Amino acid sequence: MIPVESEASSKDGVKIIYVAKENILQFLKEKKDEGFDYLLMITGIDYKDHLEVVYHLLSSKSGERLVVKAKTDGEIDSVTSLWKGANWHERETWDLLGIKFNGHPNLKRILLAEGWVGHPLRKDYPMDKKQYVNLKEDGDDTVSFEKKEGY
Amino acid sequence: MSDNILVTTLDEALRWGTGKSLWPFTFGLACCALEMMSAMGSDYDWARFGSDVFRDSPRHSDLMIVSGTVTKKMAPRIRRLYDQMAFPKFVISMGACASAGGPYVRGYSVVDGVDQVVPVDVYIYGCPPRPESLIKALKLLQDRIADGKVKH
Amino acid sequence: MQDKIVEVNFGPQHPSTHGVLRVKVKLDGEVIVDAQPVIGYLHRNAEKLSEMGYYPKAQIYVDRLDYAAALNMELGFVLSAEKLMDIQVPDRALWIRMMMVELNRIASHFIWLGTHGLDMGMLSPFFYCFREREKVFRILDEITGSRLLYNYFAIGGVYSDVTPKSLEMIKTWLSDFDKNLTEIENIFKKSYIYVARTRGTGKLSLDDTISYGVTGPMLRAAGKKWDLRKNRPYLHYDQINFDVPSQQAGDVYARMLVRIEEMHQSARIVAQVLEKLPAGDFYNKKYSKPMLVRIKATGESYIPTESPKGEFGIYLVGDGSAIPYRFRIRSPSFANLSAAPAMLIGYKIADMTATLSSMDPVFGEVDR
């Protein structure tokens, strides 16, 4: 059994479990074996002094839901070995929040153009600093801070 | 050339013909694309106004309807599609997003207006504009083509 | 053998991508050996912008997520926000919401059905579907004042009451809805070419479906009777009789059957709501709109709802201020589309448009 750091409850009555980030892969594997077969989403929250990774689980047999959270400073183990759907969710979390998933097969930006500077959903992302995207001949994107080099 | 009465009349006839046989490009970006499809659908049927079939290739079409938010990742692709269209070519900017960024203008990845990417002939307001607005824009564009006042 | 592999770029502009999807496909002859969807061409920072304004302001971005079913998106948001702020909703508003959501589901499935027909090379269903969809839109227009993006649900109720005229319109529309839908349905079912092209195409097994987090009609077409309206009832779905359609095959044809049956069931729900619609307030009088921007909230909430594409909900985290601290959208199309490689690899390139359109991706929601 993986130790649980603390427990809480969300306003809609779903249990929230905090786990140490080293144990996250093992803990989610246990939960998956217990019947939580659905990984609905992976997301992150930027609390300025630390980041939090949030996993929403669902058991399609009992209909039970569970939220698992882990505090991190920017790195955590990938759960792509447990759920195939975790692949895109982790890429998105990396793209928008800059949380690195160790062991992810293809951790690249998914929504923004490759080469974008910064992670926009971080609270300290500079919204006034515009970036401009253009297209190379082979179809890949280029990103620059110069207005004349893109759109 | 314009002194020659025969050529000017021919030119006028050509412009009249161009306006009445616009071939729009099947190019949906976001929400407005659904209203564009409604305009093409049974109730509004904008084929009545001489803009008949939506073409699937930019090389077959001469009217680009930018229907939706232009993101930074998409903008260079829109430019490339525009460049691939054959002359004469016209652009309708449909809705608030394509015209000026709309509700997303404060965001980090949205171009504030498609006119920074391609030259626009007619802008339509609304979020999304109703199909009637699109038909009005089409009529407006036809008038402008007949007057020779288009950018391309 | 290696040099026989051809790489083809599909999109981001293609008539059958329903928006701005790009797929990098590797072909061995006509067979797809690798397919990687590239998304993000409609990423319009809905999450960031929602985290920059008051709670009610986020609703316009929510509206524009799945623009084919804007009311279903709004429902996910208002339910989550009401739970976070502990706001009670009058009974009449709940019933109105339920009716509107089902009407919008029908409109959304009509768009899907029409464009799916186009992708399969059938032009006429498009016109039939848009004829029927306009009838729904006339009702929605009468009630909300808008055709596509409504901004109609408010935190604590709905913005305007349904009028007797609109209820009359719904009754007239319901009287021949099933007949008209069956007519369209038969175009698909009786077309030999359509059936031949879709049976056995784009199969996704139930295990893969669950592993990819796929929900909604695609899950039901793969053999699982799972509908949040039944399994975790919100609003008043527990007081309504309706069936959850499901199929075993998990292919494009099964998805078509499931969606069409869902439309019949939605009409059934609308008819029952009309009978049960109670009198009373349509919004919580304690919270007028200027009040709402002052409500501070703490904690977190996530209320899942069954949108036309699958499980949709908004994960809200409040930090005690009037602005959401974290606003995460659980979008069904995003998860559904991530399963695309599993559905495409091994099939012919000509099946690709069928499979992609059967997923019903809406890019406002995939890219957010």
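Predicted model: local features only at pLDDT ≥ 70, side-chain atom pairs only at ≥ 80, totals over all residues.
Modeller: Residues are numbered from 1 along each chain as written, chains are lettered from A in the order written, and side-chain values use heavy atoms, without hydrogens and water.

Biologist: Which residues of H7(C) are buried?

Modeller: An α-helix has 3.6 residues a turn, so residues three or four places apart point the same way. In H7(C), Phe177(C), Asn180(C), Leu181(C), Ile184(C), Glu185(C) and Phe188(C) are buried (under 20% relative accessible area, 1.4 Å probe, protein chains only). They fall within an arc of 140° seen down the axis, so they line one face of the helix (the arc is that of the directions from the axis to the C-beta atoms). Helices here are DSSP runs of H or I, at least four residues, numbered from the N terminus.

Biologist: What covers the buried residues of H7(C)?

Modeller: The cover includes H4, H5, H6, H8 and H12 of chain C (contact means heavy atoms within 4.5 Å).

Biologist: What is the make-up, by class, of the lining of the largest pocket?

Modeller: Rolling a probe the size of a water molecule over the atoms shows where empty space is left. The lining of the largest pocket has 24 nonpolar, 10 polar and six charged residues. H4(C) supplies the largest share, six residues.

Biologist: And which classes line the second largest pocket?

Modeller: Its lining has eight nonpolar, three polar and 13 charged residues. E3(C) gives the most, four residues.

Technical notes. Buried < 20%, exposed > 50% of the residue type's maximum accessible area, 1.4 Å probe, protein only. Helix = DSSP H or I, 4+ residues; strand = E, 2+ residues; numbered from the N terminus. Nonpolar A, V, L, I, M, F, W, Y, C, P; charged D, E, K, R; others polar.
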